[in-house]
Amino acid sequence: MPIKYLTQRELNYIRGKALVGHATPKELLSVFSHYDLLESKLDEADNDNDDVYGTDGWRHYFGIPDED
């Protein structure tokens, strides 16, 4: 089964359900799959040698801490 991006509406719907403890495991998995796809695309952009996000990459650009 191919993984697809969720729409902003779908993401917000699942976020709301998660905030009140009613998101299903399948819905939560779809959000994590969505974010995996986004990370993959951002990693591809980092490898294009355009320095779109600076020399340290997109994680640094967005302020995500380095792994320890």
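Biologist: What should I know before reading the values?

Modeller: The model is predicted, so local features need pLDDT of at least 70 and side-chain atom pairs count only at pLDDT 80 or more, while totals for chains, interfaces and linings use all residues. Residues are numbered from 1 along each chain as its sequence is written, and side-chain values use heavy atoms, leaving out hydrogens and water.

Biologist: How many salt bridges are there?

Modeller: Side chains of opposite charge can pair when their charged atoms come close. The rule here is a side-chain nitrogen of Lys or Arg within 4 Å of a carboxyl oxygen of Asp or Glu. The count is 4 salt bridges.

Biologist: Which parts does the pair Glu27 and Lys17 tie together?

Modeller: Glu27 and Lys17 form a salt bridge at 2.9 Å, N to O. Glu27 lies in helix H2 and Lys17 in helix H1 (residues 8-19), so the pair ties together parts 10 residues apart in sequence. Helices are DSSP runs (H or I, at least four residues), numbered from the N terminus.

Biologist: Is Glu27 buried or exposed?

Modeller: Buried means under 20% relative accessible area, exposed over 50%, and partly exposed in between (1.4 Å probe, protein chains only). At 15%, Glu27 is buried.

Biologist: What separates Lys41 and Glu44?

Modeller: Their side chains meet in a salt bridge of 3.9 Å, N to O. Lys41 and Glu44 are 3 residues apart in helix H2, about one helical turn. Salt bridges with shared partners also join Glu39, Asp43 and Arg59 into one network.

Terms used
Helix = DSSP H or I, 4+ residues; strand = E, 2+ residues; numbered from the N terminus.
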